[in-house]
Each structure stands twice: as C-alpha cells, then as structure tokens.
Amino acid sequence: MKNATLRQLKVFETVARHLSFSRAAEELHLTQPAVSTQVKKLEEHAGLALFEQLGKKIYLTPGGAELLHYSRSIIQQFQEAEDAMTQFKGITGGKLNVAVISAGDYFFPRLLVEFARSHQGVTLNLSVHNREGLLNQMTSNLTDIAIMVRPPTDMDTINEAFAPHPYVIVAAPDHPLVSQKNIPMSTLMHEPFVVREKGSDTWHSMEDGFGDRINDLNIAMEIRSTETIKQAVIAGMGISFLSAHTISLELQAGSLAVLDVEGFPVMLNWYIVHRKNKRLPPVAQAFKNFLLTEGPELIERLIRYSPRPGQQLSNFPVKSLPKNKK
C-alpha cells in the first residue's frame with residue numbers, strides 16, 4: 001500500500017459511497033474507464049479485490065470495507081491539513097464548500113454571487129442534494145456548511161436558523177379552488193395531491209402542516225423532483241404542497257396559483273448546519289456570518305412571493321426564528 005496515491009483513495013471512496021463506477025465518474029468529472037483504472041491500480045497495491053460484482057450490482061469485499069474506513073480517515077486528515085493552511089491565507093483565495101437541500105437551488109446560487117462580490121478570489125463549490133445526500137455530505141466531511149430546513153437530530157451538529165421558509169398549497173390557475181377564500185383544510189382532503197417522496201424535507205414539512213390529517217390526504221402521485229411536480233400541477237393532475245421559494249417564476253408567469261387555505265402558509269426556517277467538531281475555514285465562517293446578517297433580506301428581495309396581488313412574504317405573520325440549536 002505504500003505506493004498508493006491520494007487520488008486513488010479518493011476515487012475508491014467515491015465508488016464505494018455510490019457503489020457505482022458510473023456515478024462515481026459523474027461526481028469526479030472523469031470517464032468511467034479512468035475510474036476503473038484508478039481502482040484497479042489501488043487493488044494491485046492492496047494485493048486483493050476491493051469490489052465484487054453480483055448480477056448488475058457491485059459490493060465491497062471485506063477487505064474493501066476495511067480499506068474504506070482508513071481511506072476516509074486519510075482523506076479527512078488531508079482536508080484538515082488543507083483547512084489549516086487556509087487559516088493562514090485568510091478569506092481571499094479560500095475555497096467555500098456548501099451543500100444545500102434541493103429547494104434551495106432556486107435562490108442559493110444568487111446568495112453565493114452576492115457573497116463573492118465582496119470577497120474577491122474566493123472559490124465557490126456548491127452541491128445540491130436531497131436530505132439523505134446532504135446528511136451524507138456532512139458525515140463524509142465533504143462540505144463545510146449545509147443549508148437545510150430540518151437539521152439532523154442524531155448528529156453532533158450546530159444548527160442556526162437564519163431565514164423564514166414558507167410552504168404553500170399550489171394549483172393550476174384554472175383550478176376551481178383558486179377563486180375561494182379561507183379554504184378549510186377539510187376541503188383539501190377531497191383533492192388529489194402530487195407530492196415529494198416520503199423521507200424528503202418537503203414531506204416532513206407536510207407532516208408539520210397537516211399533522212395527523214396527512215394520513216387522510218388523497219396522494220395521487222409521489223415524485224422525487226420538484227420541477228416535475230410543478231409541471232404535473234400545471235397540467236391539472238392535482239394540487240401540491242411546495243416551498244414558496246421554488247415557485248416564484250411560475251407565480252410571475254401565471255402558470256401556478258397559491259390557494260388561500262386556512263393555516264397556510266406553513267412557516268418553517270432555513271438553517272445553517274455544520275458538524276460541531278468541524279473547524280470552519282475563514283471563508284466558511286465569513287459566509288456563515290453573511291447568511292446570519294444579510295440572508296433574510298437578500299432572500300426576500302430575490303424571491304418575490306405574492307400569493308395574491310399586492311401581498312408579499314413580509315406581510316405574513318412570520319414566526320420568530322428559534323434560538324440556535326446546538
């Protein structure tokens with residue numbers, strides 16, 4: 001193993017995480033043959049097979065599982081060494097690694113641009129994930145900061161709310177309920193819903209909004225893509241529960257409408273999350289401070305949410321942000 005390289009360990013770790021050479025190649029921006037070559041060289045250094053194929057799937061061998069543990073430790077130590085060197089560079093020239101839940105990709109790149117304008121020379125690395133993928137990013141120490149709606153309860157993290165996040169019920173503009181006011185929640189029980197998959201942040205937010213009545217909803221379809229859900233609602237396949245931060249363009253275009261439902265919008269919060277024992281590089285700490293001080297105003301300005309003419313997000317009775325969760 002003394003001739004193994006860090007590059008080979010990183011490629012191996014990525015393949016092991018996805019259990020897929022093609023997905024690893026996509027993440028690493030390499031060709032699949034290049035990934036296979038790196039793994040093969042590492043196997044030669046190790047003197048044993050690291051993966052085995054059963055049918056169309058690959059699995060770690062016992063030796064591969066053991067090496068994965070050490071590979072992640074080595075990769076993390078190199079990352080910590082890089083972070084330590086970054087401390088001497090300061091913010092200028094630093095690299096910011098941020099991972100965001102999928103609902104955030106509708107506005108978060110613009111927040112990064114605003115931050116970069118006042119921090120010249122910063123390199124930005126943004127990745128977008130579902131909840132499971134986001135937690136994996138933190139577990140594998142692949143991101144400095146995660147932006148999400150529902151911080152984990154089983155990880156040792158620091159969670160700080162920095163901006164309100166409203167959820168609404170949307171429908172096609174010609175839906176009969178669009179013209180009604182103060183729609184009782186009981187009325188929604190008769191409507192077909194197109195929703196995000198169980199386990200997603202949006203699904204958990206639905207549970208907050210509907211409580212025990214979520215079991216009474218007429219779930220017509222579960223879809224893993226917010227964009228596809230919007231198209232299904234526009235086509236008249238049903239109504240949906242979505243983040244208001246994902247529908248601003250459709251509201252402006254008039255292709256979606258927000259229903260006036262009693263108890264809505266459901267007001268949750270955006271959180272900054274990072275591992276408690278994570279030593280944030282100066283650029284990551286600066287970005288965290290930027291979100292805490294300027295994030296709410298920027299988000300409100302970037303996303304003009306108007307469920308009815310003349311009504312903006314700031315007109316809603318927004319709940320106070322909770323105290324920071326440690």
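I began with the contacts of this predicted model. In the protein chain, residues 24 or more positions apart account for 76% of the contacts with a separation of 6 or more. I then looked up the make-up of the chain and found eleven helices and eleven strands. Of its 326 residues, 48% count as buried.

**Entry: strand E5**

I went to strand E5, residues 145-148, and asked which way its side chains point. Ile145 and Ile147 point one way, Ala146 and Met148 the other way, and all are buried. In a regular strand the side chains alternate between the two faces of the sheet. For the neighbours of E5, I noted that strand E3 (residues 95-101) runs parallel to E5 and is joined to it by three bridges. Val100 has Ile147 as its bridge partner in E5. Strand E11 (residues 266-275) pairs with E5 in the antiparallel sense, also over three bridges. There, Met148 stands opposite Tyr271.

**Entry: nonpolar cores**

Which residues of the largest nonpolar core touch the most other members? I listed Phe108, Ile147, Ile169, Leu188, Phe210, Trp270 and Phe287, out of 60 residues in that core. Helix H11 gives the largest share of this core, eight residues. A second, separate core has 16 residues, among them Ala24, Val39, Leu42 and Phe51. In soluble globular proteins, nonpolar side chains tend to be buried together.

I looked up Ile169 by itself. Setting aside residues up to four places away in sequence, Ile169 touches residues including Leu188, Phe193, Phe210, Ile239, Phe241, Leu259 and Phe264.

**Entry: helices H2 and H3**

I checked how helix H2 (residues 21-28) meets helix H3 (residues 32-46): they pack at an angle of about 105°, with their axes 8 Å apart. The two helices are therefore roughly perpendicular to each other. On the H2 side the meeting residues are Phe21, Ser22, Ala24 and Ala25; on the H3 side they are Gln32, Val35, Ser36 and Val39.

The loop between H2 and H3 holds His29. I noted a positive phi near 60° for His29, a residue other than glycine. Is His29 buried or exposed? It is exposed, with a relative accessible area of 72%.

**Entry: other backbone points**

Asn141 is not a glycine either, yet it has a positive phi of about 55°. I placed Asn141 in the loop between helix H6 (131-139) and E5. Asn141 is buried, with a relative accessible area of 15%. Most residues other than glycine have a negative phi, and most peptide bonds are trans.

I also found a cis peptide bond between Phe264 and Pro265, with omega about 5°. Pro265 sits in the loop between strand E10 (257-258) and E11.

I found Glu191 in the loop between helix H7 (185-188) and strand E7 (192-195). Why does Glu191 count as buried? Its relative accessibility is 18%, and buried means under 20%. Leaving aside neighbours within four places in sequence, Glu191 is in contact with His175, Leu177, Asn218 and Ile239. Its C-alpha atom is 9.0 Å from that of Ala220, 29 residues apart in sequence.

Last, I looked up Leu302, in helix H11 (residues 282-302). Not counting residues up to four places away in sequence, Leu302 touches Phe107, Arg110 and Leu111.

Conventions
Residues numbered from 1 in each chain as written. Predicted model: local features only at pLDDT ≥ 70, side-chain atom pairs only at ≥ 80, totals over all residues. Heavy atoms only, no water. Helix = DSSP H or I, 4+ residues; strand = E, 2+ residues; numbered from the N terminus. Buried < 20%, exposed > 50% of the residue type's maximum accessible area, 1.4 Å probe, protein only. Contact = heavy atoms within 4.5 Å. Pairing = 2+ DSSP bridges. Core = buried A, V, L, I, M, F, W, Y, C linked by side-chain atoms within 4.5 Å. Axes fitted to C-alpha atoms, helices over the stretch in contact; angles between N-to-C directions. Parallel < 35°, antiparallel > 145°, perpendicular 65-115°, else oblique.
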